[in-house]
Amino acid sequence: MLDWLLEKDTQLLLFLNGWGGASWNSFWLLMSEKWVGLPLVVFFLFVFYKQFGLKNSLFSILFLAVLILATDQLANFFKYGIARPRPCHEAHLSGVLQLVKARCGGAYGFFSAHAANSMAVAVFTISLLGKREKVYAYIAIILALLIGYSRIYIGVHYPLDVLFGFGVGAFLAFLFSSLYKRNFLAKKRL
């Protein structure tokens with residue numbers, strides 16, 4: 001069963017890798033850069049400040065920083081614990097996989113920290129913002145999906161690496177946002 005799943009994952013990778021041709025390479029490389037979501041995060045921190053005040057927005061920054069640290073370190077734990085090679089390090093994919101990035105990255109890729117971190121930021125943001133501001137937060141979900149796909153497009157992650165990363169990021173964001181709301185936003189309403 002596991003072999004079948006990994007084979008389907010490889011087939012999906014080869015189908016999704018390089019969609020659109022070389023004219024899209026620059027865009028997907030940009031989407032894969034770590035700093036690409038930073039302007040959106042800064043914007044949401046400003047929205048948190050307007051909605052929650054200085055003290056609670058500072059705590060939201062702290063929670064967001066710890067959330068990103070947690071997803072990133074958990075990804076490293078999985079990468080070295082499971083030791084699934086990145087597709088760009090797989091000899092049997094050499095010549096059929098489009099590798100857009102000049103450097104492949106670390107040896108292991110399960111699960112994608114880029115996908116986990118971007119989805120964690122998106123879900124944390126959506127869970128804290130009010131109904132009026134949620135329209136902006138959905139932009140973060142779209143950005144997370146683009147970041148995740150970029151990792152497949154440039155050839156450094158399998159689709160399951162990205163999907164699992166999305167799931168881990170969303171789960172941890174739900175936990176962190178629940179903890180934040182219970183301990184900080186509930187006190188604000190008293």
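This is a predicted model: local features need pLDDT of at least 70, side-chain atom pairs count only at pLDDT 80 or more; totals for chains, interfaces and linings use all residues.
Me: Hi! How many residues does helix 5 have, and how far does it reach?
Reply: Helix 5 covers residues 134-153, which is 20 residues. From first C-alpha to last it reaches 29 Å, close to the 28 Å expected at 1.5 Å a residue.

Me: And what follows helix 5?
Reply: That would be Gly-155, and its phi is positive, near 90°.

Me: Which residues of helix 5 are buried?
Reply: Quite a list! Among them are Ala-137, Ala-140, Leu-143, Ala-144 and Ile-147. Gly-148, Tyr-149, Ser-150, Arg-151, Ile-152 and Tyr-153 are buried too.

Me: How do helix 3 and helix 5 cross?
Reply: Their axes come within 11 Å and cross at roughly 155°. Angles over 145 degrees count as roughly antiparallel, so helix 3 and helix 5 are roughly antiparallel to each other.

Me: Left-handed or right-handed crossing?
Reply: Helix 3 passes helix 5 in a left-handed crossing. Leu-40, Phe-43 and Phe-44 make the contact from helix 3, with Tyr-136, Ala-137, Ile-139, Ala-140 and Leu-143 from helix 5.

Me: Changing topic: how many residues are in the largest nonpolar core, and which have the most contacts inside it?
Reply: There are 52 residues in that core, and Phe-48, Leu-67 and Phe-124 have the most contacts inside it.

Me: Which helices supply at least two residues each?
Reply: Helix 1 (2-16), helix 2 (25-31), helix 3 (38-82), helix 4 (113-128), helix 5 and helix 6 (159-189) each do.

Me: What is Leu-67 in contact with, leaving aside neighbours within four places in sequence?
Reply: Leu-67 is in contact with Ala-120, Phe-124, Leu-172, Ala-173 and Phe-176, once those neighbours are left aside.

Definitions and conventions
Residues are numbered from 1 along each chain as its sequence is written. Side-chain values use heavy atoms; hydrogens and water are left out. Helices (H or I, at least four residues) and strands (E, at least two) are DSSP runs, numbered from the N terminus. The expected span of a helix is 1.5 Å times one less than its number of residues. Buried means under 20% relative accessible area, exposed over 50%, partly exposed in between (1.4 Å probe, protein chains only). A nonpolar core is a set of buried Ala, Val, Leu, Ile, Met, Phe, Trp, Tyr and Cys residues joined through side-chain atoms within 4.5 Å. Contact means heavy atoms within 4.5 Å. Axes are lines fitted to C-alpha atoms, for helices over the stretch in contact, and angles run from 0 to 180 degrees between N-to-C directions. Angles under 35 degrees count as roughly parallel, over 145 as roughly antiparallel, 65 to 115 as roughly perpendicular and the rest as oblique. A crossing is left-handed if the near helix is turned anticlockwise from the far one by less than a right angle, and right-handed if clockwise.
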